[in-house]
Every structure is written in C-alpha cells, then in structure tokens.
Amino acid sequence: QVQLVESGGGLVQAGESLRLSCAASGRFFSINAMGWFRQAPGKQRELVATITSGGSTNYADSVKGRFTISRDNAKNTVFLQMNSLKPEDTAVYYCNVAGVFFASRDFEVWGQGTLVTVSS
C-alpha cells in the first residue's frame, strides 16, 4: 500500500503564490515519476507538471514560467510552487506517484486532491 498526503491548497488572489506538497508513505522499493494534475469544474483532468527520479521536468504550456515542480527524494515528497496565479488556474490539484514495490510490481497512485481557488 502507498498513501499520498497532499497539502497547501487554498484561496488566493490573482498574482499571488501557493505551494503544494505531496508526501508518499508505505512499503515500496522506489519512486520513479511524480507529478501534479488538475481538474477544473466541467473539464477533464490535465497534466500540470511531472518530475522524474533524476530531476527531469515537464510542464504544461499554460504553466511554464510560473510553476516549478521539485522533489525531495529522501522524504518521498513532491512540491509544486505556483507563482503569478491566474483565475484559470482554479482547479482541484491531484498528486500522482509511480514506482515499484519490492516484488518488482509497478504501482501508480493518486492523492485525494487539494482545491486551489484563484480570485480575480
């Protein structure tokens, strides 16, 4: 079993910043990719940013230059620093973690989601 605990969402005004955190715990051999996705009301879930175990990152075009994903491998935690927030960033943000159990089985888990609301 792998558990994810997200934190850091909230209500901010346009132009302000928020930092999301997602900590993974449980019995597993390693974590590979970690990422953040979001789902706005009435829309499909979309990728925001991902980061590999080696630190390579990928961002949605809509957040490039404003959001930064990072991870602390020792703490199995991924962060999303969100600057210059816009009303269109309003969504539930979900953490996603992929890794390997000790029996060489792959896993992928989702966090419970944290709401980010940006007012204009």
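**Close-up views of a predicted model**

**View 1. Asp106 and its surroundings.** Setting aside neighbours within four places in sequence, Asp106 touches Gly99, Val100 and Phe101, where contact means heavy atoms within 4.5 Å. This is a predicted model, in which local features need pLDDT of at least 70, side-chain atom pairs count only at pLDDT 80 or more, and totals for chains, interfaces and linings use all residues. Residues are numbered from 1 along each chain as its sequence is written, and side-chain values use heavy atoms, with hydrogens and water left out. You will find Asp106 in strand β10 (residues 106-110); strands (E, at least two residues) are DSSP runs, numbered from the N terminus. With a relative accessible area of 63%, Asp106 is exposed. Here, exposed means over 50% relative accessible area, buried under 20%, and partly exposed in between (1.4 Å probe, protein chains only). Ile31 is 75 residues away from Asp106 in sequence, yet their C-alpha atoms are 9.6 Å apart in space.

**View 2. Asp89 in its loop.** Look for Asp89 in the loop between β8 (77-82) and β9 (91-100). Asp89 is buried, with a relative accessible area of 1%. A polar atom of the Asp89 side chain lies 2.8 Å from the backbone nitrogen of Lys86. Beyond neighbours within four places in sequence, the contacts of Asp89 are Arg38, Arg66, Phe67, Ser84, Val116 and Val118.

**View 3. The disulfide.** A disulfide is a covalent bond between the sulfur atoms of two cysteines; in this model, the sulfur atoms must lie within 2.5 Å. The structure holds one disulfide. Its partners are Cys22 and Cys95, with sulfur atoms 2.1 Å apart. Because the torsion about their S-S bond is about -80°, the disulfide is left-handed. Cys22 belongs to strand β3 (residues 18-26) and Cys95 to strand β9, so the pair ties together parts that are 73 residues apart in sequence. Cys22 is buried, with a relative accessible area of 0%, and Cys95 also counts as buried, at 0% relative accessibility.

**View 4. An open sheet of four strands.** Follow the four strands in the order β1-β3-β8-β7, with antiparallel pairing; two strands pair if DSSP finds at least two bridges between them. At the edges are β1 (2-7) and β7 (67-72), each pairing on one side only. From one strand to the next, the twist averages 15°, with axes fitted as lines to C-alpha atoms and angles running from 0 to 180 degrees between N-to-C directions. Six bridges join the antiparallel strands β3 and β8.

Terms used. Polar contact = N/O pair within 3.5 Å; in protein donor to acceptor, adjacent residues only side chain to side chain.
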